[in-house]
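Dear colleague,

I am handing over the model we spoke about, and my notes follow directly below it. Please read them with the coordinates open beside you.

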Amino acid sequence: MRKKVSIEFAHNFFQAYCIHCRAFCRELRMPQTAFDILMFLANNPNYNTAKDIVELRGLKANLVSVNVERLVQEGYLDRQDFPGDRRKTVLVCTEKARPVVKKGQELQSSFSEAIFRDVDPDARENFYRVMETVERNLNQILKGSE
């Protein structure tokens, strides 16, 4: 029987990622959560509201609010009106954010390479295919629960 993937895996993955980004966050004088929010918005342009961040990242609304406000004040994000709903705002990365996002994406790539070190290319491709299938299955389950 195969060893179960434990909850420690997710914890270790997140901790390793934070350690991997720590020096850059210190250099920016930016909390890890603010950096993660900025990278989430940059990497996922279809998700661009605070509500999206709360729901998809599982962060508490007040934590998102504080960090979004900081990013806006520091010039990394702009708030823009949401088309058709004046109560909502869209969060948009600014020009100032571009070099931070570029470096963040480089860090994410190097992290990916580090965690897949010693994994042969075929096994890596198989892993990605399995994850795509699992994601499809999860989406079908979620649709069925509506």
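I begin with threonine 49, which lies in the loop between α2 and α3, where helices (H or I, at least four residues) and strands (E, at least two) are DSSP runs numbered from the N terminus. At 7% relative accessibility, threonine 49 counts as buried, a term that stands for under 20% relative accessible area, with exposed meaning over 50% and partly exposed in between (1.4 Å probe, protein chains only). Leaving aside its neighbours within four places in sequence, threonine 49 is in contact with Phe82, Thr89 and Leu91, contact being heavy atoms within 4.5 Å.

Two remarks on provenance belong here. This is a predicted model, in which local features need pLDDT of at least 70 and side-chain atom pairs count only at pLDDT 80 or more, while totals for chains, interfaces and linings use all residues. Residues are numbered from 1 along each chain as its sequence is written, and side-chain values use heavy atoms, with hydrogens and water left out.

As to the overall arrangement, the protein chain contains six helices and two strands, which follow the pattern α-α-α-α-β-β-α-α when read along the sequence. The C-alpha trace spans about 55 × 45 × 25 Å along its principal axes, and 26% of the 146 residues count as buried. Among contacts between residues at least 6 apart in sequence, 47% join residues at least 24 apart.

The two strands come next. Strand β1 (residues 77-82) and strand β2 (residues 85-93) pair in the antiparallel sense over six bridges, pairing being assigned if DSSP finds at least two bridges between two strands. They form a hairpin with two residues between them, and glycine 84 in the turn has a positive phi of about 85 degrees. Arginine 79 stands opposite leucine 91 in β2, and Leu91 is also one of the contacts of threonine 49. Lysine 88 is found in strand β2 as well; with a relative accessible area of 34%, lysine 88 is partly exposed, and, beyond its neighbours within four places in sequence, it is in contact with Gln80, Asp81 and Phe82. Between lysine 88 and phenylalanine 111 there are 34 Å in space, C-alpha to C-alpha, although the two are 23 residues apart in sequence.

Turning to the interior, a nonpolar core is here a set of buried Ala, Val, Leu, Ile, Met, Phe, Trp, Tyr and Cys residues joined through side-chain atoms within 4.5 Å. The largest such core has 26 residues, of which Phe35, Leu38, Ile53, Leu71 and Tyr76 touch the most other members. At least two residues of this core are supplied by each of α1 (7-28), α2 (32-43), α4 (61-73) and α5 (97-115), and the largest share, seven residues, comes from α2. Setting aside its neighbours within four places in sequence, leucine 71 is in contact with Met30, Ala34, Ile37, Leu38, Tyr76 and Leu77.

There are also pockets to look at. On a 1 Å grid over the protein atoms alone, a pocket is an open set of points where a 1.4 Å probe fits, with protein on both sides within 12 Å along at least five of seven lines, and lining residues have an atom within 4 Å of a point. Grid points are joined across faces, edges and corners, and a volume is the space filled by probe spheres set on the points. The largest pocket holds about 870 Å³ of space, and of the 21 residues that line it, the closest to its centre are Phe13, Tyr17, Phe111, Ile115 and Phe127. Two or more lining residues are given by each of α1, α2, α3 (50-57), α5 and α6 (121-144). The second largest pocket holds about 320 Å³ and is lined by Phe127, Tyr128, Met131, Glu132, Val134, Glu135 and Leu138.

Most residues other than glycine have a negative phi. Arginine 29, in the loop between α1 and α2, has a positive phi near 55 degrees and is exposed, with a relative accessible area of 67%. Aspartate 118, in the loop between α5 and α6, has a positive phi of about 70 degrees and is likewise exposed, at 77%.

With best wishes
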